[in-house]
Amino acid sequence: MIAGARPNFMKIAPLMSAFSKYPQVHCRLVHTGQHYDPALSRIFFDELGIPKPDVNLEVGSGSHASQTAEIMKRFEKVLEQSPPHAVIVVGDVNSTIACGLVAVKMGIRLAHVEAGLRSFDRTMPEEINRVLTDAISDLLFCSEASGVTNLRREGVPEDKIFLVGNVMIDTLLRHRERAEASRILETLGLETDEYVLLTLHRPSNVDSDGTLARIFAALEVVQKERPVVFPVHPRTRKAITSGTLARQIADMPGLKLVDPLGYLDFIKLMAHAKVVLTDSGGIQEETTVLQIPCLTLRNNTERPSTIEMGTNRLVGADPDRILAGYRTVLANKCPVGKIPPFWDGHAAERIAEILIQRWA
Ligand code: UD1
């Protein structure tokens with residue numbers, strides 16, 4: 001089982017737990033070290049009860065090529081020392097494709113969890129990782145129906161594809177009540193339903209000053225009306241700590257910048273927000289289940305069920321569109337969403353059952 005970056009950890013937690021119920025399966029966890037800050041990694045292991053990784057490749061940050069290559073070199077040695085029966089990768093980060101590629105080149109079976117999602121935007125590094133990982137996987141587990149449709153269109157044989165539901169939602173449902181006990185609202189001086197929650201880390205938004213400035217032009221208006229809580233990802237922190245943007249942000253008293261938060265605090269913040277503004281993939285899904293309106297600061301999504309059934313809508317980075325979306329939410333014009341099929345807390349159990357049936 002491979003995990004490397006923050007959004008992987010909540011996906012492997014229920015898988016590790018599902019496999020632990022099968023005494024005949026020995027599950028080894030490899031952490032690539034793509035994310036290494038305790039706030040992006042260790043806190044999730046602690047809060048979600050994920051076992052300590054058996055191996056940490058400690059690759060750290062780097063350009064796409066050097067990070068991916070380093071993971072591949074180090075993971076190959078791990079597989080040479082003790083080859084597993086199968087490798088399971090989740091999501092769409094660099095660790096996903098890097099480890100998947102090493103496994104199949106060594107003749108080891110590969111399963112991809114969260115397969116088939118497509119934004120159809122190849123400027124997104126994650127889209128390349130998704131397309132390539134799916135192309136080399138032996139079993140593909142989809143979280144939503146669009147994944148199945150996309151894989152069929154790409155010619156993946158029917159007997160490799162399984163619609164099993166969403167492992168990230170398994171974790172959300174399992175920890176929802178515990179998260180309610182978090183004191184983060186009190187700590188930040190917030191009132192239920194009276195604040196906006198913001199996250200931003202996509203390179204297409206934060207690596208361009210122009211795009212960030214447009215997003216912040218909308219936030220300037222929003223923060224005058226209600227507090228905007230903004231847990232800042234390290235990539236984004238770099239982009240906003242100097243220059244005009246830093247001065248613009250310093251002039252927004254309603255914008256509360258905080259360090260990246262742990263899982264339970266973040267779920268609590270999402271569950272009680274008036275609206276969530278984000279460019280994350282997973283948050284579009286979590287707000288759908290929590291039935292909190294989500295405005296996605298992108299022009300596409302690889303998770304269309306969150307729009308078709310859930311509480312999500314795309315607003316891009318254009319200030320007028322962001323504000324129009326925000327006003328619609330305030331006017332209570334957002335329909336209460338439905339929960340996509342199989343987002344019921346049991347996706348990981350289905351995956352474990354299928355894998356054991358097929359490969360044990
Ligand atoms: C990665 C994933 C992205 C995912 C995101 C969640 C890829 C291509 N991208 O993006 O899909 O949505 O994680 O967070 O795999 N850094 C730290 N501490 C860390 C890790 C990174 O400070 O523990 C800083 C480094 O300066 C690094 C930058 O953040 O250069 C970006 O990290 P990286 O792992 O390259 O990509 P993310 O933007 O985090």
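Biologist: Hi! How do the residues lining the second largest pocket divide by class?
Modeller: They divide into 18 nonpolar, 3 polar and 1 charged. Here Ala, Val, Leu, Ile, Met, Phe, Trp, Tyr, Cys and Pro count as nonpolar, Asp, Glu, Lys and Arg as charged, and the others, Gly among them, as polar. This is a predicted model, with local features needing pLDDT of at least 70 and side-chain atom pairs 80 or more, while totals for chains, interfaces and linings use all residues. Residues are numbered from 1 along each chain as its sequence is written, and side-chain values use heavy atoms, without hydrogens and water.

Biologist: Which residues lie nearest the centre of that second largest pocket?
Modeller: V25, H26, P84, H85 and A86, out of a lining of 22 residues. The second largest pocket holds about 490 Å³ of space. α3, β4 (86-90) and α17 (347-359) each give at least two residues to its lining.

Biologist: And how much space lies in the largest pocket?
Modeller: About 1,200 Å³. A pocket is an open set of points on a 1 Å grid, with protein on both sides within 12 Å along at least five of seven lines, and lining residues have an atom within 4 Å of a point.

Biologist: What lines the largest pocket?
Modeller: 48 residues do, and R6, P7, H35, H201 and H233 lie nearest its centre. By class, the lining of the largest pocket has 20 nonpolar, 16 polar and 12 charged residues.

Biologist: Which helices supply at least two residues each to the largest pocket?
Modeller: Among them are α1 (6-19), α3 (64-81), α5 (125-136) and α11 (234-240). α13 (263-271) and α14 (282-290) also each supply at least two. Both domains take part too, as domain 1 and domain 2 each give at least three residues to this lining.

Biologist: Where are those domains in the chain?
Modeller: Domain 1 covers 2-166 + 343-359, and domain 2 covers 176-330. Their centres, taken over C-alpha atoms, are 27 Å apart.

Biologist: How much area do domain 1 and domain 2 bury between them?
Modeller: About 1,800 Å², of which 55% is on carbon and sulfur atoms. Buried area is the accessible area (1.4 Å probe) that the two parts lose on being put together, summed over both. On the domain 1 side, E47, E144 and W343 supply 29% of the area buried against domain 2, more than any other three residues.

Biologist: How many salt bridges are there between domain 1 and domain 2?
Modeller: The count is 3 (a side-chain nitrogen of Lys or Arg within 4 Å of a carboxyl oxygen of Asp or Glu) between the two domains.

Biologist: And how many does the structure hold?
Modeller: 23 salt bridges. In one of them, R118 pairs with E154, with the closest N and O atoms 2.8 Å apart. R118 sits in the loop between β5 (109-113) and α5, and E154 in the loop between α6 (145-153) and β7 (161-163), so the pair ties together parts 36 residues apart in sequence. E126 also forms a salt bridge with R202, and there the closest N and O atoms are 2.9 Å apart.

Biologist: New topic: how many cavities of 30 Å³ or more are there?
Modeller: The count comes to 1. A cavity is a set of grid points where a 1.4 Å probe fits but cannot get out. The largest cavity has about 50 Å³ of space.

Biologist: Which residues line the largest cavity?
Modeller: They include V113, E114, F141, S143 and I351, and also V164, G165, N166 and V167. By class, that lining has 5 nonpolar, 3 polar and 1 charged residues.

Technical notes
Grid points are joined across faces, edges and corners, and a volume is the space filled by probe spheres set on the points. Helices (H or I, at least four residues) and strands (E, at least two) are DSSP runs, numbered from the N terminus. Domain bounds come from an automatic or database domain assignment.
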